[in-house]
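Biologist: Please take a close look at one interface for me, and give the cut-offs of each term as you go.

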Amino acid sequence: MKKQSGQSEEDKKTDDTAESAPVNRRDFMKTACRALALAVMAVGFRRLVNLDGGEMVWQIDPKKCIHCGRCATDCVRDQSAVRCVRAFDVCGYCKLCGGYHRISSGRLDTAAENQLCPTGALVRTYIEEPFYEYRVIEELCNGCGLCAKGCTAFGNGSLYLQIRHHLCAGCNECRIAVNCPAQAISQISSRNPYVSPM
Amino acid sequence: MRFNKKTLDQILKGVQWPSAAACLTIGILLAATIVQTKIHAPITGSDFSTIHQLIDRNPAEQDLRDEIRALDMLARKAYFTSMHQLRTGTLLFFIALAMFLISWNIRTTLYPPLPPEPGEKRAWWTAQTRSAKTAAMATAVIIAVSITGGVIHKFSSAPAAIPEVVLEEEEIIDTEQFIFWWMNFRGPGGIGVATYTNAPMLFDGEAMAGIRWKTKTPLEGFSSPVVYENRIYLTGGSADSRQVFSFDVEDGRLLWTYDVRVAGDDLEVPKVDRETGYAAPSVACDGRRVYAIFATGELVALTLDGEHVWSKFLGVPDNHYGHSSSLMVHDGILFVQFDQYDTGKLFAINGRTGNVVWEAPREILSWASPIIVNTGSRYELILLDNDFVTSYDPATGTKLWSHDCMHGEVGPSPAFASGLVSVANEYAIAGSIDAANPGEDGVPPMLWRMRGDLPNTASPLSVDSLLFLATATGTVICHNNRDGTILWKHDFDRGFYSSPIAVGNNVFLFDRNGVMHVFEASAEFNLIASSAIGEPVTTTPAVLDGYIIIRGDSYLYRIDGIDISGTGDTDVSEADTDNVDVTDTNSAGGVNNISNAGNVNNTSSVNNTSGTRNARNVANVSNVNTVNNARTVSDESNESGESNEAHWDYEGDY
Amino acid sequence: MGAMMRKKTITNSRRQQIASATLRAGKFAACLIILLFAAAALGSDRFPRPEFQTGYEIPPNELGVARAAFLFYIDAAVLFAALCAASYLVLKKRSRKGVLALMLFSAVYFGFYKKGCVCSLGSIQNITAAVFSNYQVSITVFLIFALPLVFALFFGRVFCSGVCPLGALQDIAAVRAKKVPARLSAVLGFIPHIYLGLAILFAATGGGFIICRFDPFVGIFRLSAPFGMMLVSVGILLLGIFIARPYCRYLCPYGVILGWMSAFSKYRVKICSATCAGCRLCENSCPADAILPPTTDPVNEERSRSLLRLKTYIALLPVWIIAGAAAGWFSADIVSSFHPDVKLLRVVELDQAGAAGARSLESEGLRIDAEVITVLRARSDAAKKSFKLGMVILGVYLGIVAGARSIRRSTFKKRACYEADPVTCVSCGRCYGYCPKGTNSAIQ
């Protein structure tokens, strides 16, 4: 191997003997340019990189979100990485749940026609009179935000949309963020990757 | 070695082409699945919303429920199946594609290609210089295209962004002419004073005595009728549809209906209180067009024949009862009091073009309607909200003055007479502001304010120096409008939602049972007549030349009155209304449950019939905002006003 | 300001009074829905947290964490290792098979496992955004941007060969590569420069990351994408069977920067030696048209003509620069109309004019009022202004690039044997295998 490379160096030299001075000058120029490029990168590293910032992840600010429904349709995943999540400590455990029932239906039971969720991802269980617990089945949720809209309009806002990081592809530019009419999606530090609605 | 290569090539060939075929098949299937789900959209499709609406209307139908449950099951299954198919399909597609490409790739490396013919000329220099030329030409083309594109864009884009509406010159109908008609809520200026004094007092809705016609209103609503020339304009609304109607004044025929669909299909219909409904704001007419607004924030301008002129979607108002401020027109400008919690606005819109002339921010919610009055030297547009009485310059939108004196949830609109702007609201105050004599800082003084019996929705009415209030519990109070002294109080059987109207020297007032009481506008209570229309009344009548138009919960009536001077009162006495079933007429509107149907009995009692049929008295026009009138009265009130101002110290809490 | 703040709090307390008045007086019909709406004004907990009698405990809110930071460092380490391996395989081992294996690994790791993001191509925009705004760049993103460039400074475009997942996909697909006519290639080769300029312009003005938006292969790595995007992805991949590495050669903006770095590279791909048979197999095999033939063939042109051409192109250079600046100036408005702030203002203004019939979600979502519109207008104007300047600079740059392309193609450079152009060579190593003298013998 060593021999081989040495030979190639020799080849080059014999080829360029006639113009050895310009070649040396060219080599010098190249080295200078390399040094310059490296220096620029080093300066860039110093000035641009935030060593304490951590990685950046996309997240929805529930306070800005207007539950327009684009999260369900505009994510690059076929089933959106945005899912409805639940703040149990904010929930009022109501029987009439604006996130669970179609309010106009009038009946407060669990019949399909009275439910708001199109995929049946919001499940209610009876606890005690008059309290009911609501849970989101994450695999079924498509992030349409109907329940979050209902809960924010009628209830405490304990159902809200979040980008679930184990599902998010972590695009450099989030396609939902680009199309979000409320500009509610931004990049936050991965150390605190979720935003509370309160 | 050679044999091995051949075998390998055969094997790879055996992988390559079947995987290509698989790739193609899966690709086509995938595309079909995607197109199918795009078209049918199992979960978000329109089938669901239709069936949901159906079931909401017919909650008892078990068949329908079963149907939607089955459909729901099917749709979810379809949704998840298609999702699963899509995912597996895509994976299989790319596996097949990868197998196809990789096997092909390896095959190409098995047999190295043969060198090209040795004698071939290269002519590399020619090729190089030719591509230099092409590169230069391409650059020139790119530069030329971007310059021309930019220039074209510059000249074409500016006018294309917002189309300029060019309209023919139009003769604006003089606002002075408005006083002969009922162009908006509570008549000329919106202050509840009729120009004509010959309105009928006696009628019987059940017996159809004194009623020229009654017509069922196609859609419920609490907007009051507006009358111009031979047409009545009205609105109705529900969660599903909002409509503007026009009726013939002569025979009550429905002339046209306009279906308002400004906001599009994805409109989020707001929840409204049943006693407000979707069509509480009354329309306004400027003699050329009629304007209507609904609780959904949809604003529409129509020709008098019901053709669309322009429309705007102002956004669904954030209002927990439902938007109910009526519209007002002055000098060709439409005023829209669009109050809501945070982002309320007062819009002045050019009636012809629909362009916003000016807009002013509003502090807080209200349900009152604007009035426009001449306070002596200028026109003022006076609005109430839950906190303030505010006066605006109708030409510019400049805030002229405001008083922080209101409280609670303000429904009644202001009253005006003799330079005094009077306000009243339940849980707040009644009071009067001397708008004709602003102080040095431009803010007119508040002459008096007082608590007590206060109206809930019925607007106060001011006649000369008297202020009349009608409460939801049935009390009518007459105040001296200069100092607030209570002159008299009278308790009627039923409360008032409809606003009182001054007709000559009398006050006409419908109670919630639909009985119209007429009493004298004087310092002593003197009931003249009470006549029942036969169904609940929440709206305010339109009083015109010898007739009244009133909207009950289900019907629209034209009252011509019983002529008792000639043929006697037989019609009235024969009217047997003992067995009136009010709940029947109630069912369509579905509003309030009248507990005592018997209230409507004994419909017409005549206390005083003299002078009810005055000849048309246009001279009375001076009632409405004439400069002299305002000046003289305000001088008087100034004298008595100062001492009374601090009668009752109002500090917020109560 | 203070007065305004106070007014706000007064209004809020008023609202509470209103709400309580609603409760107390039962004004209008006090049905449940109205209570809900009245309470809507208060905004926070309308329904208190219940006290359960049955011993039910409120479950904790479990959301989980984001991808752990050390995994990002591992990604950066893998990138570094892959670059080292690529350099070794290309320059030292000269093994096409090794490069192919590395390609497959990179396609799987950086593509299918990492779902394509953040890639070096897209990181151009992160860096630009960080330069022009307070955008945050983490160490790993900076490394993803800088490592391939540092390697290019020393070893040429080894990133393109074995590490870039986009390049890997295309390289595997390039089985029946046909030569693109030199003249067409000269024109198409101009596109990456425009693309790079626009990407930097949009990223610098906060107009979004267009390289990411129009990345054709990211949908393949995620195995899910909108239908149209997927069609384009597969289309470009299949086009790559016949036109080798179409994205790398005629679109990739990162390739432009790698080319600059590679021009100064210390070690390069060497093809030829004295034993070269001149079979031209390597030249034909190159998917990037980067192998320059020896200039030993006679030049069938008078020297004066060549000189005249060269002089003309040199004289044209200032013309290209000025015309480019003018083109940038004139087309700035068209380009800036794609900036999100400009687009948003247009949508909102249409809403205000009532022309669109229904109000857009944008107007609703941003709670548009006069104040917001003023801010939007200012932002839109600022974006337009920056685009005017940016497009002029881009025009000047493109003028220089265009002039240089013509001048370079009009100069005679002596080459005794085949040489790989360091700027365009993607170090895929294809030519090694094609040499009839064997992989290593080619340079002996």
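Modeller: What follows concerns the contact between chain C and chain A. This is a predicted model, in which local features need pLDDT of at least 70 and side-chain atom pairs count only at pLDDT 80 or more, whereas totals for chains, interfaces and linings use all residues. Residues are numbered from 1 along each chain as its sequence is written, chains are lettered from A and ligands numbered from 1 in the order in which they are written, and side-chain values use heavy atoms, with hydrogens and water left out.

Chain C brings 75 residues to the contact and chain A brings 68, where contact means heavy atoms within 4.5 Å. Between them the two chains bury about 6,100 Å², 61% of it on carbon and sulfur atoms; buried area is the accessible area (1.4 Å probe) lost when two parts are put together, summed over both.

There are 20 residue pairs in polar contact between chain C and chain A, both residues being at pLDDT 80 or more; such a contact is a pair of N or O atoms within 3.5 Å, one able to donate a hydrogen and the other to accept it, and residues adjacent in sequence count only if both atoms are side-chain atoms. On the side of chain C that touches chain A, 42 residues are nonpolar, 17 polar and 16 charged, with Ala, Val, Leu, Ile, Met, Phe, Trp, Tyr, Cys and Pro taken as nonpolar, Asp, Glu, Lys and Arg as charged, and the others, Gly among them, as polar.

The rule finds one salt bridge across this interface, a term that requires a side-chain nitrogen of Lys or Arg within 4 Å of a carboxyl oxygen of Asp or Glu. The side chains of Arg213(C) and Glu173(A) meet in a salt bridge at 2.8 Å, N to O.
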